[in-house]
Amino acid sequence: MEKIPQHIAIIMDGNGRWAKKRGLPRNVGHSQGSKTVRKICEAAWNFGVKYLTIYAFSTENWSRPQEEIDALMKLLRGFLKDAEKQCAENNMRVRIIGDISVLPEDMITSIKHLEEVSAVNTGLQFQIALNYGGKDEILRAVKKAAKKLANEGKNIEDMTTADISSSLDTAEIPDPDLIIRTSGEQRLSNFLMWQSAYSEFYFTDVLWPDFDKKDLEKAILYYGSRDRRFGGLSKN
């Protein structure tokens, strides 16, 4: 554990399969997965991780059955409510990334309140990707950057990668050093596509509800074994 990633991002996969293996409804898997989130927040901070980002609901998840969407929204409402208490107890700051404008009004109000009351906290910086898609984020960022340039009297040709980075939902957050995906799948699924340009990836067959502190430790140890060159030559 000599090298600790500053920022870990997690694609939480396998809730439905976890429930199916036990003959339970998918919603039970999602509920169990939310409990895992709380445990991993605590474990990550204890390991020395400063930033943790989770993929909670993607722009593509709207295509799921309405019953499952309703159950997920109910679960997210409860999670946002409980998070305020968790933030106060653990000095944790929460940010929501993604396009929240299409969410129900009560959820938008809860999100803004949670972000406001936790903004002064200096512990774990916890990001929840909600109605988030990497392509959608990049598109919104380019439009925002172009508008800013126009307001400054500049041309589109003056746009730089720094202009786009500073317009992303994660503008105040360092890019993830390590991205973890559970349940055996090995793809990015439209998650932090711009920010993951030089991230390390760790894939595990463990289903998200079963992912625990020991599994997180394995991922961090794997990260510590990597030689991160960022396009340069190896230091070894």
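This is a predicted model: local features need pLDDT of at least 70, side-chain atom pairs count only at pLDDT 80 or more; totals for chains, interfaces and linings use all residues.

User: How many aromatic pairs does the structure hold?

Analyst: Seven aromatic pairs. One of them is Tyr 55 with Tyr 132, an edge-to-face pair at 6.0 Å centre to centre, with 80° between the planes.

User: Which strands do Tyr 55 and Tyr 132 lie in?

Analyst: Tyr 55 is in strand β2 (residues 51-58) and Tyr 132 is in strand β4 (residues 125-132), so the pair ties together parts that are 77 residues apart in sequence.

User: And are Tyr 55 and Tyr 132 buried or exposed?

Analyst: Both Tyr 55 and Tyr 132 are buried.

User: OK, what about Trp 208 and Phe 211, stacked or edge-to-face?

Analyst: Stacked: the rings of Trp 208 and Phe 211 sit 5.4 Å apart centre to centre, with 20° between the planes.

User: Why does Phe 211 count as buried?

Analyst: Because its relative accessibility is 3%, and buried means under 20%.

User: Which ring does the charged end of Lys 213 sit over?

Analyst: That's the ring of Phe 47, with the charged end 5.8 Å from the ring centre.

User: Switching to helices. At what angle do α2 and α3 pack?

Analyst: About 25°, with the axes 10 Å apart; α2 covers residues 26-47 and α3 covers residues 66-90. The two are therefore roughly parallel to each other.

User: Is the crossing left-handed or right-handed where α2 passes α3?

Analyst: Right-handed.

User: Which residues make the contact?

Analyst: From α2, you have Arg 26, Asn 27, His 30, Ser 31, Ser 34, Val 37, Arg 38 and Cys 41. From α3, the contact uses Glu 68, Ala 71, Leu 72, Leu 75, Phe 79, Asp 82 and Gln 86.

User: Last topic: where does Ile 111 lie?

Analyst: In helix α4, which spans residues 105-118. Ile 111 is buried, and its relative accessible area is 0%.

User: What is Ile 111 in contact with, leaving aside neighbours within four places in sequence?

Analyst: With those left aside, Ile 111 is in contact with Leu 80, Ile 96, Ile 100, Leu 103 and Leu 130.

User: And what separates the C-alpha atoms of Ile 111 and Val 94?

Analyst: 9.1 Å, for two residues that are 17 residues apart along the chain.

Terms used:
Residues are numbered from 1 along each chain as its sequence is written. Side-chain values use heavy atoms; hydrogens and water are left out. Rings of Phe, Tyr and Trp (its six-membered ring) pair if their centres lie within 6.5 Å; planes under 30 degrees apart count as stacked, over 60 as edge-to-face and the rest as tilted. Helices (H or I, at least four residues) and strands (E, at least two) are DSSP runs, numbered from the N terminus. Buried means under 20% relative accessible area, exposed over 50%, partly exposed in between (1.4 Å probe, protein chains only). A charge sits over a ring if NZ of Lys or CZ of Arg is within 6 Å of the ring centre and within 35 degrees of the ring normal. Axes are lines fitted to C-alpha atoms, for helices over the stretch in contact, and angles run from 0 to 180 degrees between N-to-C directions. Angles under 35 degrees count as roughly parallel, over 145 as roughly antiparallel, 65 to 115 as roughly perpendicular and the rest as oblique. A crossing is left-handed if the near helix is turned anticlockwise from the far one by less than a right angle, and right-handed if clockwise. Contact means heavy atoms within 4.5 Å.
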